[in-house]
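I opened this model to look up its helices, their packing and the overall build. My entries follow in the order I made them.

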Amino acid sequence: MSDNTPQKDEFLKASQAKDSNLIAEFIGFMKENKKWWLAPILIVLLALGTLAMVGGSGVAPFIYSLF
């Protein structure tokens, strides 16, 4: 069997790297893969999710008066 030293070194560096949060990883993914068109979709989904969560709480009457 051959020794895949570059792959092992890369794996060791990745395993010793500082853990990042989900948002930082997603932004890094968008930068690396040039997928900036995902940002508006994500923002709209987060806004709708937040609105749905708040709509089920005591703040709902105040939200309805905004629209």
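This is a predicted model: local features need pLDDT of at least 70, side-chain atom pairs count only at pLDDT 80 or more; totals for chains, interfaces and linings use all residues.

Entry 1, helix packing. I took helix α2 (residues 22-33) against helix α3 (residues 38-55) and read an angle of about 155°, with the axes 11 Å apart. That makes α2 roughly antiparallel to α3 (over 145 degrees counts as roughly antiparallel, under 35 as roughly parallel, 65 to 115 as roughly perpendicular, the rest as oblique). Axes here are lines fitted to C-alpha atoms over the stretch in contact, and angles run from 0 to 180 degrees between N-to-C directions. Helices are DSSP runs of H or I with at least four residues, strands are E runs of at least two, and both are numbered from the N terminus.

Residues are numbered from 1 along each chain as its sequence is written, and side-chain values use heavy atoms, with hydrogens and water left out.

Which residues of α2 meet α3? I found Phe-26, Phe-29 and Met-30 on the α2 side, meeting Leu-38, Ala-39 and Leu-42 in α3; contact means heavy atoms within 4.5 Å. The contact residues divide into six nonpolar, no polar and no charged.

I counted twelve residues in α2 and a reach of 16 Å from first C-alpha to last, close to the 16 Å expected at 1.5 Å a residue (the expected span is 1.5 Å times one less than the number of residues). Just after α2, Lys-34 takes a positive phi of about 55°.

Entry 4, the whole chain. I listed four helices and zero strands. The radius of gyration is 21 Å, well over the 11 Å of the globule rule for 67 residues, so the chain is more spread out than a compact globule. The radius is taken over C-alpha atoms, and the rule is 2.2 Å times the number of residues to the power 0.38. The C-alpha trace spans about 70 × 25 × 20 Å along its principal axes.

Of the 67 residues, 6% count as buried (under 20% relative accessible area; exposed is over 50%, partly exposed in between, with a 1.4 Å probe and protein chains only).

Ala-60 lies in helix α4 (residues 60-66). Is Ala-60 buried or exposed? Ala-60 is buried, at a relative accessible area of 8%. Leaving aside neighbours within four places in sequence, I found Ala-60 in contact with Val-54 and Gly-55.

Key
Ala, Val, Leu, Ile, Met, Phe, Trp, Tyr, Cys and Pro count as nonpolar, Asp, Glu, Lys and Arg as charged, and the others, Gly among them, as polar.
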